[in-house]
Amino acid sequence: MFSSFTLQSELLRTTLDGLFSMAELPLEKDVDDRHDLPQVHALNILKCLYGDSGLHEALMQFIGKAVILVVEQFGSPAWSVRNAATRLFSMQCCHFMSNL
């Protein structure tokens, strides 16, 4: 039987894996970022999660993957994806600076 902590940890891992996968989805060739893109939603949800101080410690194990994701998304052809990646990166920098 799972303990509450183990279950919460597994739920967080599953959620983040899903968000990372969604954020990494390839864009269609003729992307029109006037419409909602799932990649943007995933990046914005990650930004909210990383902005929650109560989740800070639990999210630290995923910070490397999150930073790589952000850097990769800086090269997206869609402005809305690049913008969401920049906002997530800003949140990550705030977390890094608050821990110094």
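I take buried as under 20% relative accessible area, exposed as over 50%, and partly exposed as in between, with a 1.4 Å probe and protein chains only. The model is predicted, so I use local features at pLDDT of at least 70 and side-chain atom pairs at pLDDT 80 or more, while totals for chains, interfaces and linings use all residues. Numbering starts from 1 along each chain as its sequence is written, and side-chain values use heavy atoms, without hydrogens and water.

Entry: histidine 56. I looked up its burial: relative accessible area is 17%, so histidine 56 is buried. I find histidine 56 in helix 3 (residues 56–59); helices are DSSP runs of H or I with at least four residues, numbered from the N terminus. Its C-alpha atom lies 11 Å from that of methionine 91, 35 residues apart along the chain.

Entry: helix 2 and helix 4. I checked the axes of helix 2 (residues 38–51) and helix 4 (residues 63–73): they come within 12 Å and cross at roughly 140°. Axes are lines fitted to C-alpha atoms over the stretch in contact, and angles run from 0 to 180 degrees between N-to-C directions. I listed the contact (heavy atoms within 4.5 Å). Leu43, Leu46 and Tyr50 of helix 2 meet Ile63, Ala66, Leu69 and Gln73 of helix 4.

Entry: the core. A nonpolar core joins buried Ala, Val, Leu, Ile, Met, Phe, Trp, Tyr and Cys residues through side-chain atoms within 4.5 Å. The largest has 23 residues; Leu16, Phe20, Leu43, Leu46 and Tyr50 touch the most other members. Helix 2 gives the most to this core, six residues.

Notes. Helix = DSSP H or I, 4+ residues; strand = E, 2+ residues; numbered from the N terminus.
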